[in-house]
Amino acid sequence: MTVPMLEVRDLNVDIPLPHGRLHAVRGISLSVGTGESVGLVGESGSGKSLALRALLGLLPHPARIMSGTVLIDGEDLTGMAPQQLHRRLTDTMSMIFQDSLTALNPVKRVGDQIAEAPRRKLGKSRSEARAIAVDLMSRVGIADAERRYELYPHQLSGGMRQRICIAIALSTKPRLILADEPTTALDVTIQAQVLGVLSKLKQDENVGLLLVSHDLAVVSQTCSRLYVMYAGKLVESGDLLDLVQSPKHPYTFSLLRSVPDPDRRVHRLLTIEGQPPDLSQPIVGCSFAPRCPFAVDLCARQEPPLEPVVVVDRRAVAPQTEPGPPRKSACWKVDTAPMWPSLISDEMAVRR
Ligand SMILES: Nc1ncnc2c1ncn2[C@@H]1O[C@H](COP(=O)(O)OP(=O)(O)O)[C@@H](O)[C@H]1O
Ligand code: SF4
Ligand SMILES: [Mg+2]
């Protein structure tokens with residue numbers, strides 16, 4: 001396997017509390033290859049945003065990185081001087097957020113906001129930066145870019161504003177875009193269009209994507225590989241098709257069963273009962289055990305490690321030019337995965 005463009009090892013993020021700490025990101029490791037689209041999915045509160053923000057040093061106060069290593073093209077950035085580190089990270093990655101209205105400056109023309117980085121970082125003249133901004137606007141699918149350059153954020157729709165945010169992210173020529181729920185505030189049609197813009201960037205310009213979402217359907221539309229996060233930890237990872245066709249962790253299984261599938265003749269939606277654990281308290285055993293339909297005694301006592309699993313029940317998997325990272329799961333009962341659909345009783349499923 002080639003060296004990944006971005007690799008994160010054992011990232012831990014804490015939030016200090018008056019009496020203790022909330023261990024929000026608990027030792028996650030992930031990688032993204034050049035031009036690869038990777039999804040990080042999990043329900044609200046699982047630590048996705050903090051993990052993503054930690055990568056660019058954008059953690060909200062008082063959250064802090066307790067440990068972790070970031071490698072770019074195999075180079076370990078540990079020990080780099082803060083300014084140099086910041087530059088290296090921001091030269092490589094840009095971030096887009098869910099709320100485009102907050103992300104944009106309300107009193108500045110959108111075009112000028114895109115032109116800012118080419119002027120400041122790339123030393124372009126005013127007219128050169130303007131031309132770059134107009135070109136970027138066209139590349140993210142904004143028609144009539146010359147005219148729209150002059151508009152203010154409130155004069156654009158939510159979908160258009162999010163395209164402006166993508167154009168701003170691209171203006172520093174990143175190799176990877178980190179996107180935190182970029183379509184959650186948009187309606188389904190506009191959501192699909194914005195995801196289409198991100199997919200096209202990968203296709204046409206080899207810009208990688210690390211897409212965070214609580215919505216499995218969103219990451220499935222855009223990404224070829226997924227990490228599944230639960231209670232601050234990764235519980236499963238693998239190629240999208242593999243993972244969707246044969247989930248190897250009960251949480252992924254439950255997430256998949258909670259997404260309506262228009263192709264299925266009988267719609268059985270599984271609701272994931274219960275709440276994730278309190279991350280300010282020590283967790284003993286598997287963090288998913290209180291909600292897991294397949295839990296056994298061992299699960300409450302001992303934490304399962306995230307380990308490579310053998311995929312034996314693979315049906316159709318897209319041809320790979322190069323094998324990616326191994327499929328992994330953190331579950332003591334992973335060997336029973338092929339039986340899970342038949343073990344789910346009707347009381348656990350809601351027939352629509
Ligand atoms: N600024 C903050 N202060 C206190 N707790 C926070 C803060 N930001 C996030 N958290 C807590 O950290 C955990 C992870 O949050 P987050 O990364 O935002 O989750 P996600 O993006 O998966 O919804 C949650 O329990 C959340 O309540
Ligand atoms: S380790 Fe046990 S509780 Fe955890 S997901 Fe697997 S079966 Fe469920
Ligand atoms: Mg979030």
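Trainee: Which residues are the closest around ligand 1, and how many surround it?

Mentor: Good place to start! This is a predicted model, and in it 14 residues surround ligand 1, the closest being A24, S46, K48, S49 and L50. To read such a shell, ask next where its residues come from. Two elements, β2 (20-32) and α1 (48-55), each give two or more residues. Helix α1 gives the most, with three residues.

Trainee: What classes of residue make up the shell around ligand 1?

Mentor: Sort them by class: the shell has seven nonpolar, six polar and one charged residues.

Trainee: Now the sheets, please. How do strands of a sheet pair?

Mentor: The general idea is that strands pair through backbone hydrogen bonds, either parallel or antiparallel. Here, one open sheet has four strands in the order β2-β1-β4-β5, with antiparallel pairing. The edges are β2 and β5 (75-76); each has a single partner strand, so one side of each lacks a neighbour in the sheet. Helix α1 packs on this sheet and touches β1, β2 and β4, with its direction at about 115° to that of β1.

Trainee: How many bridges pair β1 with β4?

Mentor: Seven bridges link strand β1 (residues 6-17) to strand β4 (residues 64-72), in the antiparallel sense. For a pair to find on screen, look at V13, which stands opposite I65 in β4.

Trainee: Do β6 and β7 run parallel or antiparallel, and how many bridges join them?

Mentor: They run parallel, and four bridges join β6 to strand β7 (residues 176-180).

Trainee: Which way do the residues of β6 point, and are they buried or exposed?

Mentor: Follow the strand (residues 93-96) and sort its residues by direction. M93 and M95 point one way, S94 and I96 point the other way, and all are buried.

Trainee: What about helices? Why do residues three or four places apart in an α-helix point the same way?

Mentor: An α-helix has 3.6 residues a turn, so residues at that spacing point the same way. Another thing to check is burial. In helix α11 (residues 250-257), seven of the eight residues are buried, so the helix is largely enclosed by the rest of the structure. The buried ones are P250, Y251, T252, F253, S254, L255 and R257.

Trainee: Let us step back. How many helices and strands are in the chain?

Mentor: The chain has 13 helices and 14 strands. Buried residues make up 41% of its 352 residues. Of the contacts between residues at least 6 apart in sequence, 67% join residues at least 24 apart.

Trainee: What radius of gyration does the chain have, and what would a compact globule have?

Mentor: With 352 residues, a compact globule would have a value near 20 Å; the chain has 21 Å, which agrees. Along its principal axes, the C-alpha trace spans about 65 × 50 × 45 Å.

Definitions and conventions. Residues are numbered from 1 along each chain as its sequence is written. Chains are lettered from A and ligands numbered from 1 in the order in which they are written. This is a predicted model: local features need pLDDT of at least 70, side-chain atom pairs count only at pLDDT 80 or more; totals for chains, interfaces and linings use all residues. A residue is near a molecule or strand if its C-beta atom, placed from the backbone, lies within 6 Å of it. Ala, Val, Leu, Ile, Met, Phe, Trp, Tyr, Cys and Pro count as nonpolar, Asp, Glu, Lys and Arg as charged, and the others, Gly among them, as polar. A residue is buried if 20 or more other C-beta atoms lie within 10 Å of its own, exposed if 12 or fewer, and partly exposed in between; C-beta atoms are placed from the backbone. Two strands pair if DSSP finds at least two bridges between them. The radius of gyration is taken over C-alpha atoms; the globule rule is 2.2 Å times the number of residues to the power 0.38. Two residues are in contact if their C-beta atoms, placed from the backbone, lie within 7 Å. Axes are lines fitted to C-alpha atoms, for helices over the stretch in contact, and angles run from 0 to 180 degrees between N-to-C directions.
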